[in-house]
Amino acid sequence: MNLQEVSVFIIYLLFMLAIGVYFFLRDKNQSERGYFLGDRKMGAWVAALSAGASDMSAWVLMGLPTSIYAMGLGQIWIAVGLAIGYTLSWIYEAPRLRAFSITANDSITVPQYLTNRFLSKSRALQLISAVVFLVAYTIYAASSIKACGTLFNTVTGLDTTIAMYLAAVIVISYTFLGGFSAVSWTDFFQGMLVLAAMLIVPIAAATMLEAGAADSIAKETPNYWNAFTSWQDIASGLGWGLGYFGMPHIIIRFMSIKSQQELRKSAKIGISWTMIILIFAALVGVIGRMFIGFDESINNNSLVFVVMARRIFPAVVSGILLSAVLAAAMSTADSQLLAAASAFASDVYRPVIRKDKAGSREMLWAGRIVVLLIAVAALFIASSPNAGSIMALVSNAWGVFGAAFGPAIMLSLFWRRFTFSGAAVGVFVGALVDICWLNYMSYTGVYEIIPGFFAGLIAAVLVSLISPKPSKEVTDLFDKAVAMTNE
C-alpha cells in the first residue's frame, strides 16, 4: 500500500461526497423533475462532459485498452464504431429528442417519452421498458462497481469485495442525496480528470519506449498490427455505435439541456471530448503493449493503464491519474442508478403501484429506494466469480439498451407515421433478439446488438404499417416538435 496514492484517493472521494451534500442542502425541496432531470437547466459544458463521462466508464480506461493491448488492432473497430455513433447521436438525435420530450407532456424519462409521444394511456410500453431498464442497468452498474473494486485492490491492497462495497457506498451517497444535478456536476469534474489522465499517460510512455518495441511484438504476435482481422471483428466493432441511439443514461442528457442553442454548443464539446478519449484509449493499449510487454495478469484484470501510470509517475501523480479510473467507473454508475430509479418511479411506481396518486415527495423517495436496491443487486453480480470481465458486462448491457430503445427512439423522432404499437413491439423484439443471440448465437462472432437492433427496427416498422394511422393530435405533436427543433 502506498500512503500517498491512498491519500489522494480519499481526498477525491470526499470531494465527490461534498458535491452530493451541497446539492442536497441547496435543493431540499426540489421537484421530481429537479431530482431526475435537473429542471432542464444544464449548460453546454456540464451537459456535454456529463454525457461523455457517464458513457466512458472504467471500460474506456481498463477494458478497451486492455483488449487492444492483448489482441491487437483488430479491437480498434470498437473505438471507431463508438466515435461514429456518438457523433451521429449528437447531430441528429439530440436536437429532436430535447424538443420532442418537452412537447410530449414534458417527459422526464425515456419510457415516459415513448408513451407520451403517442398520447397513449396504455402502460404496456412503460412496463416493458422498465423491466429492460432494471435488468440491463443492474448488469451495467455491476461492471462499474467491479472496476472500482479492482482498482482499490491494486492501489491499497484492500480485499476486492470490501473495496466494491466501499465504492458503492460513495456512489449511492451522492446520487441518493443530490440527484441529477449532483450526478451531472460530479460527472463534469470526473470527465475533466479522465481527459487529463488519458492524454498524459500514453504520451509519457511513448517518450520512454525502446527502439524496436513494435518489431518484437510482431514476432511475438504476428497478427497484432493487422486491423482487418475478420469481418466479424469489423462489423461487431462498428456495431457498438448503434448503442448510442438508445442508451438512456446518455440521451437523458440531451433532454436536460436548457435551450437548443446550448445544445448545439454542447454537441461540439461532447463530440470533441469523446473523440480525444477514444483515440487515446487505443493508444494506451498499443503503447502499453510496447512499454510493458504482454503479461497475463494485466490482461485478466484489465490493468494496462494502471500499471503504466504507476511505473512512470511518482506516487502523488499516479494517485491522481488512477483517480481518473475511479472517476470513470463512478461517473457511469451514478448515471445508471439514477436513470433506473427515475424509470421505476415514473413508469412503474406512480402509474401501476400507486395508480397516479403519488406526490412529488413520495416519488423522490421511491426513486432513492430503487437506487439502493439496484446497487445491492449490482454488488452481488460484481462480486460473483462468474461475473465475467468488465468489458463483457458492459458489452451485454450496451447491447440490450441499443437494440431495445435505439430503433424506437429514432423512428419516433423522424417518422410521422410511427405508432405506439410499433414502438412497444420494437422495444420488446429488439431486447429479446439481443438476449437470444447472446445466449445461443454468440459462436458466430457477431455482436448481439447488430441482429437485435435491426430485428427491433424491422418489427417496429412492420407493426406501425399494419396499425391504424396516428391520430391528428399525435401528428400535430410531431409537427410542433419538429418546428421547435428548427427554432
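**Close-up views of a predicted helical model**

Figure 1. Thr 103 is buried, with a relative accessible area of 16%. This residue of the predicted model belongs to helix α5. Leaving aside residues up to four places away in sequence, Thr 103 touches Leu 477, Lys 480, Ala 481 and Met 484.

**Figure 2. Overview of the predicted protein.** The model is predicted and contains 20 helices and 0 strands. Of its 487 residues, 62% count as buried. When contacts between residues at least 6 apart in sequence are considered, 85% join residues at least 24 apart.

**Figure 3. Helix α4 and the helices around it.** The buried residues are Gly 63, Leu 64, Pro 65, Thr 66, Ser 67, Ile 68, Tyr 69 and Ala 70. They pack against α5, α12 (260-292), α13 (296-301), α14 (304-312) and α17 (390-414). Just after α4, Gly 72 adopts a positive phi of about 100 degrees.

**Figure 4. The buried face of helix α10.** In helix α10 (residues 231-239), the buried residues are Ser 236, Gly 237 and Gly 239. Viewed down the axis of α10, these buried residues fall within an arc of 155 degrees, so they line one face of the helix. The partners against which the buried residues of α10 pack are α5 (77-103) and α19 (449-466).

**Figure 5. The crossing of helices α5 and α10.** The axes of α5 and α10 come within 6 Å and cross at roughly 35 degrees. The crossing of these two helices is right-handed. On the α5 side, the contact is made by Trp 77, Ile 78, Val 80, Gly 81 and Ile 84. On the α10 side, Asp 233, Ile 234, Gly 237 and Leu 238 take part. The residues of this contact of α5 with α10 divide into 6 nonpolar, 2 polar and 1 charged. Gly 237 of α10, named here in the contact, is also one of the buried residues of that helix.

Figure 6. Most residues other than glycine have a negative phi. Asp 106, a residue other than glycine, has a positive phi near 55 degrees. Asp 106 lies in the loop between α5 and α6 (110-116). With a relative accessible area of 27%, Asp 106 is partly exposed. Leu 119 is not a glycine, yet its phi is positive, at about 50 degrees. Leu 119 is placed in the loop between α6 and α7 (124-156). Its relative accessible area is 48%, and Leu 119 is partly exposed.

**Figure 7. Gly 191 in helix α8.** Gly 191 is located in helix α8 (residues 160-206). This glycine counts as buried, at 0% relative accessibility. Along the chain, Gly 191 and Ile 277 are 86 residues apart, while their C-alpha atoms are separated by 9.8 Å.

Conventions
Residues are numbered from 1 along each chain as its sequence is written. This is a predicted model: local features need pLDDT of at least 70, side-chain atom pairs count only at pLDDT 80 or more; totals for chains, interfaces and linings use all residues. Side-chain values use heavy atoms; hydrogens and water are left out. Buried means under 20% relative accessible area, exposed over 50%, partly exposed in between (1.4 Å probe, protein chains only). Helices (H or I, at least four residues) and strands (E, at least two) are DSSP runs, numbered from the N terminus. The arc is that of the directions from the helix axis to the C-beta atoms. Contact means heavy atoms within 4.5 Å. Axes are lines fitted to C-alpha atoms, for helices over the stretch in contact, and angles run from 0 to 180 degrees between N-to-C directions. A crossing is left-handed if the near helix is turned anticlockwise from the far one by less than a right angle, and right-handed if clockwise. Ala, Val, Leu, Ile, Met, Phe, Trp, Tyr, Cys and Pro count as nonpolar, Asp, Glu, Lys and Arg as charged, and the others, Gly among them, as polar.
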